[in-house]
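Me: I'd like to go through this one with you and check the labels against their cut-offs. Shall we start once it's on screen?

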Amino acid sequence: MASLLIMACNDESKTQESPRDTTSQTKTTASNLSTSVELTANDQLKFDKIELHVKANETVKLTLKNIGTMPKESMGHNFVLLKDGTDLASFAAEAVGAPENVPQNNAAVITHTKILGPGESETIEFKVPAGSYTYICSFPGHYLTMTGVLIAE
């Protein structure tokens with residue numbers, strides 16, 4: 001009987017958290033779509049945002065800032081915007097050793113920044129049609145935890 005009570009409590013807490021999380025992540029209106037985005041990357045292998053909402057078919061200005069302190073050679077970060085459906089493991093393998101860890105002439109790449117060291121930032125501009133796109137840090141091994149989705153509406 002005690003285990004049933006615990007299970008009921010666990011299920012109840014999941015039910016309470018789930019709607020709160022879903023609502024805050026999926027509620028997007030035209031007023032909060034952006035053409036200017038700031039994204040940070042840190043030494044814990046994380047972007048500060050895992051979902052970006054931008055205006056489709058308009059110039060988007062994205063600034064990536066590396067807020068970490070570790071050396072660029074061991075903890076550099078970049079932003080690579082990829083077409084939806086890109087095989088990330090294959091892309092990452094191809095990126096190792098490529099200039100700025102981005103394979104040249106790869107059709108999956110929409111845009112990217114250079115590899116940034118601690119305290120560095122770079123701003124890029126691009127346009128994308130409506131759709132969903134994956135973004136990663138392509139520094140070796142980072143894509144496993146530094147992945148997000150850019151949604152153009």
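Me: Which residues does Pro140 touch, not counting residues up to four places away in sequence?

Reply: Pro140 touches Val96 and Asn101, where contact means heavy atoms within 4.5 Å. Bear in mind that this is a predicted model: local features need pLDDT of at least 70, side-chain atom pairs count only at pLDDT 80 or more, and totals for chains, interfaces and linings use all residues. Residues are numbered from 1 along each chain as its sequence is written, and side-chain values use heavy atoms, with hydrogens and water left out.

Me: What makes Pro140 partly exposed?

Reply: Its relative accessibility is 41%. Buried means under 20% relative accessible area, exposed means over 50%, and partly exposed is what lies in between (1.4 Å probe, protein chains only). So 41% puts Pro140 in the middle class. Pro140 is placed in the loop between β7 and β8, and its C-alpha atom is separated by 7.7 Å from that of Ala95, 45 residues apart along the chain.

Me: Why is Ser138 called buried?

Reply: Ser138 has a relative accessible area of 3%, so it is on the buried side of the cut-off. Ser138 lies in the loop between β7 (131–136) and β8 (147–152). Leaving aside neighbours within four places in sequence, Ser138 is in contact with Asn78, Val80, Phe91, Ala95, Glu100, Asn101 and Val102.

Me: What is phi of Leu45 near?

Reply: Phi of Leu45 is near 60°, again positive in a residue other than glycine. Leu45 is in the loop between β1 (36–41) and β2 (51–54). With a relative accessible area of 24%, Leu45 is partly exposed.

Me: Now the secondary structure: how many helices and strands are there in the protein chain?

Reply: There are three helices and eight strands. These are DSSP runs numbered from the N terminus: helices are H or I with at least four residues, strands are E with at least two. From the N terminus on, the elements run α-β-β-β-α-β-α-β-β-β-β.

Me: How do you know that β3 and β6 pair?

Reply: Two strands pair if DSSP finds at least two bridges between them. Six bridges join β3 (residues 60–66) to β6, so the pair qualifies. The two strands run antiparallel, and Ile124 in β6 is the bridge partner of Leu62.

Me: What makes β1 and β6 edge strands?

Reply: Three strands form an open sheet in the order β1-β3-β6, with mixed pairing. β1 and β6 (121–126) each have a single partner strand, so one side of each is left without a neighbour in the sheet.

Me: Why is the Lys65 and Glu38 pair called a salt bridge?

Reply: A salt bridge is a side-chain nitrogen of Lys or Arg within 4 Å of a carboxyl oxygen of Asp or Glu. Lys65 and Glu38 meet at 3.5 Å, N to O, so the pair counts. It links distant parts of the chain, with Lys65 in strand β3 and Glu38 in strand β1, 27 residues apart. Lys65 is partly exposed at 31%.

Me: How many salt bridges does this rule give?

Reply: The count comes to three. One of the others joins Glu125 and Lys61 at 3.9 Å, which is within the 4 Å limit. This pair also links distant parts of the chain: Glu125 is in strand β6 and Lys61 in strand β3, 64 residues apart. Asp48 and Lys49 meet in a salt bridge at 3.0 Å.
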